[in-house]
Amino acid sequence: SLSPLGARARAFPSCWVAWMRRTRACAIAVVAYVAFARAATLEVRLEGGHLVVAHKDAIYEVAPSHDVYSCSWADLSSIKGGATIDQIERAIEPASVLSFYHHISLYMCNSDVRPDRAHAAGEPFDCLVRPTFSGCERQLFTWGAGMERFEMPPGTGFILPRLAILQVHVKHPSLDGEPIKVAASLSGLRLRLSAPDVKPFQYFQLGPHFGMLSVPPRAPRYKVGAVCAESCIRQALRQAKVEFFEVIAIRQHMHLLGSAAVTELIHADGSTENYGLVRNFSAYNTPISFLPTPLYIRAGDALQVTCVYNSSARAHATMLGVSMHDEMCFSYMIMHPPLPNFTGCWHANENFVHIPGAPCVAICGIIPKRQLARQVRHKFKNGVKKFTLPRRGPWSRAALDPVYSDLPDLRTCSTPRS
């Protein structure tokens, strides 16, 4: 019976908030919640020129407003060395269960990472938000609801890792009702392999993390954002020994309250270039869009993503979280060249450390959850990578009107909001 687990899972929202505040008050309830995913095995097989990485004969037990995140280690070392991926599509069967899937991700692991003994053979395990193993935080690619087959331009691709983690996110269709079982014969991705001598790209994530996203109730137009500071970009360019990063595609990601989103490239002189503008966002249709021309990010530039939410029909505050009924604000970009230590970027401020008037601190890269709070607090204490947000160019407001005509001035170091 699912009812005992379902009863415990309903206590999860308060546990999520407690976990973000670095407490352990809800450890038992969290363990109960993540016990909702079961699967028979992980399948890694070649189909002609394609590689299928998927859960086989899986059963996902989903409670209302509490989604399932199920992961498996994927040993890809048997694939010939140097292979790349130039096409990705979902591998979900039967088609009748497609509407229950929110996303499927493949995370790359560093060469020195070894699977934990408990799940080394590919047995699925529960994983909230992202894999919790240090060295496996980088996304290779994420398929999202509404996406069809994704194909890279000729002569480009993603580097195939020797070890990866497959993550499957299955959602409940409503806030109320009984827990349901989603049975799927296949849940994963189908990757087309290509030659190794292509121009390599990586998946890059810009967006607020824990403590930096909170949407109040009854707010028809509430804005949240995140900045990738100039210092992070300059440091990454120096590490890669290149003059610029090249972005060719973008995907905006929010949940059910999301109504609009935009990403901006902010130059040192205050001028801006906006791209990835979505005026009528739908959480059920989040494709990757290729830019008309590549976007080049150089030293002195900064990036910002801004998300707009409509919580008019919601009577409670909404925090960042894993369920569709929580929220997110991420701008995913396909970027060249790939950098293991620069696959994500954001900033933390007083909302993160709960210190009124605390300065902004740049967060360069995806930091494991266990290290994040400690490192950010160290930066606040020692003044490392403090920064002032760049001045917004006046023309960009008019260009984005009416969706973003009243955005706050970026000179203030706080999360943009109404």
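Helices (H or I, at least four residues) and strands (E, at least two) are taken here as DSSP runs, numbered from the N terminus. By this reading, the protein chain has 7 helices and 23 strands. The structure is a predicted model, in which local features need pLDDT of at least 70 and side-chain atom pairs count only at pLDDT 80 or more, while totals for chains, interfaces and linings use all residues. Residues are numbered from 1 along each chain as its sequence is written, and side-chain values use heavy atoms, with hydrogens and water left out.

The predictor's confidence in each residue is given as pLDDT, from 0 to 100. The protein chain averages 79, and 75% of the residues score at least 70. Residues 1–35 fall below 50, yet this stretch has 54 contacts in the model beyond near neighbours in sequence, a contact being heavy atoms within 4.5 Å. Residues 391–405 also stay under 50.

Of the 418 residues, 57% count as buried, that is, under 20% relative accessible area, with exposed meaning over 50% and partly exposed in between (1.4 Å probe, protein chains only). Among contacts with a separation of 6 or more, 80% join residues 24 or more positions apart.

Histidine 102 counts as buried because its relative accessibility is 3%. Beyond residues up to four places away in sequence, histidine 102 touches several residues, including Trp143, His169, His253, His255 and Met324.

Side chains of opposite charge can pair when their charged atoms come close. With a salt bridge defined as a side-chain nitrogen of Lys or Arg within 4 Å of a carboxyl oxygen of Asp or Glu, the count comes to 10. Glutamate 43 and lysine 56 form one of them (3.7 Å, N to O). Glutamate 43 lies in strand 1 (residues 37–47) and lysine 56 in strand 2 (residues 50–62), so this pair ties together parts 13 residues apart in sequence.

Because arginine 192 lies in strand 11 (residues 180–194) and aspartate 86 in strand 4 (residues 84–93), the parts tied together are 106 residues apart in sequence. Arginine 192 is partly exposed, at 25% relative accessible area, whereas aspartate 86 is buried, at 15%.
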